[in-house]
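Here is a short report on salt bridges.

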Amino acid sequence: MKSGDRVDLGKGHEMEFVSAPNLHWPDTIFSYDRKTQTLFTCDAFGMHYCSDSTFDDNMEAIEADFRFYYDCLMGPNARSLLNAMKKMGELGKITTVANGHGPLLHHNLDALRECYQNWSQKQTKAETVVALFYVFNYGYSDRLAHAVAQGVQKTGVGVEVVDLTTAEIHEIQELAGRSAGIIIGMPPSANAAAQAGISSLLAVAKNKQSVGIFECFGGDDEPIDTLSRRFIDLGVKEAFPAVRIKETPTPATYQLLEEAGTDLGQSIVRDRNIKHIKSLDVNMEKALGRISNGLYIITTKKDDINGAMLASWVSQASLQPLGFTVAVAKDRAIDSLMQEGDRFVLNVLEEGNYQELKKHFLKRLLPGADRFEGIKTQTAKNDCPILTDALAYLECEVVSSMECSDHWILYCTVQDGRVSKPNSVTAVRHRKVGNYY
Ligand SMILES: Cc1cc2nc3c(=O)[nH]c(=O)nc-3n(C[C@H](O)[C@H](O)[C@H](O)COP(=O)(O)O)c2cc1C
């Protein structure tokens with residue numbers, strides 16, 4: 001089918017096809033049934049959410065999953081999404097979006113369409129963009145690329161994805177030319193179009209750009225070292241060590257790629273953020289710095305992936321049930337392990353006895369490294385690690401989240417807890433300025 005083609009299915013149902021490329025696949029097509037005013041959108045407008053409802057009758061229940069799915073799968077294609085939504089607007093009345101995943105959108109369709117529109121506009125306006133090139137339908141490229149894209153987007157940098165086999169050379173070069181970073185998922189070595197695409201990238205790569213390369217585990221990946229060396233010879237900065245994938249990807253592999261993407265994004269925005277912090281009003285900063293908090297280490301485990309983070313922006317928030325909030329920066333590695341429903345442990349650090357733990361958990365590690373190496377732990381009932389040397393611990397669950405500019409405020413409830421040293425007190429963080437933790 002081509003865009004504009006129609007097929008008569010009988011009984012007044014005539015399907016009209018609308019090309020909506022790159023909405024997770026290069027060849028995505030929407031189909032519209034005018035009689036029922038239903039638009040079938042494949043992956044677009046979906047969510048990984050399952051309940052007994054056929055429709056989106058409970059907006060509150062689906063909101064977070066709708067957003068998470070957008071961020072992971074649609075955000076990197078925001079430009080294509082805006083084009084597709086423009087074509088949707090020209091089709092006529094749509095009362096139901098029959099997506100390929102999750103409840104069909106009907107009761108809250110206008111609000112959910114508006115979300116897609118706003119998020120995509122914000123995404124395409126991101127002043128800094130990273131270009132992500134790979135062959136969509138090769139090996140595990142798709143999931144791996146989305147993990148790395150998600151990691152980049154956590155830092156506020158936009159991502160635009162391009163399929164190396166279907167894109168025109170001038171499109172590849174135009175995107176690479178205006179991008180602060182280039183990420184490549186290795187294509188199959190026998191794919192001539194992809195080879196030509198990569199050669200064209202090497203021709204335009206500039207020495208101020210950050211580059212990251214990963215294998216796609218397709219069985220016939222182009223050798224990663226040769227390409228890596230060619231970029232280094234051009235003077236381009238390697239944002240993360242080339243990711244080699246020797247076994248079938250696991251959740252840990254996707255986590256590693258997400259962290260690699262975040263490293264690349266952070267390397268791009270670091271200078272800009274430092275400049276911004278320096279420009280804040282000094283008196284205001286000092287006054288804000290008088291807000292003090294305790295010192296804690298959050299520890300998690302999900303699908304055999306461990307995570308940990310030193311936190312001080314923690315505050316009790318409810319009595320029944322017992323609950324507190326914690327602010328987690330959007331570009332933290334731990335973010336993907338702290339989604340609604342996820343469990344973790346809040347370890348309370350002890351005054352006069354926290355430096356070693358603090359130092360250990362602040363160390364910058366390479367993507368995928370074990371954050372608990374050399375640290376004494378026990379296992380909590382919720383399966384997360386408890387730090388043996390902490391003053392107290394709480395077993396917790398993330399209940400809801402609120403987006404606050406560069407942080408997520410997570411509201412969490414407490415299921416269990418214990419103090420190991422009843423006569424000790426919590427370490428407190430007294431700051432001079434409020435522009436850092
Ligand atoms: C004293 C102190 C308190 C911190 N508190 C928080 C916090 O409440 N929330 C947060 O997102 N990061 C906080 N951070 C920053 C993270 O602990 C730290 O940057 C992070 O562990 C780096 O890990 P990542 O590579 O996973 O992002 C704090 C850092 C310090 C030094």
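A residue is called exposed when its relative accessible area is over 50%, buried when that area is under 20%, and partly exposed in between. Asp304 has 66% relative accessibility, so Asp304 counts as exposed. The model is predicted.

Asp304 pairs with Lys301 in a salt bridge. The closest N and O atoms of this pair are 3.9 Å apart. The cut-off for a salt bridge is within 4 Å, so the pair qualifies. Lys301 is partly exposed, at a relative accessible area of 30%. Salt bridges with shared partners also link Arg6, Glu14, Glu16 and Arg34 into one network.

Arg6 has a relative accessible area of 46%, so Arg6 is partly exposed. Glu14 is partly exposed too, at 36% relative accessibility.

Another bridge joins Arg178 and Glu174. Their closest N and O atoms lie 2.7 Å apart. Arg178 is partly exposed, with a relative accessible area of 37%. Glu174 is partly exposed because its relative accessibility is 44%.

| Salt bridge | N to O distance |
|---|---|
| Arg178 and Glu174 | 2.7 Å |
| Lys301 and Asp304 | 3.9 Å |

How many salt bridges does a search of the whole structure find? The search finds 22, among them the pairs in the table. Side chains of opposite charge can pair when their charged atoms come close.

Terms used: Residues numbered from 1 in each chain as written. Predicted model: local features only at pLDDT ≥ 70, side-chain atom pairs only at ≥ 80, totals over all residues. Heavy atoms only, no water. Salt bridge = Lys/Arg side-chain N within 4 Å of Asp/Glu carboxyl O. Buried < 20%, exposed > 50% of the residue type's maximum accessible area, 1.4 Å probe, protein only.
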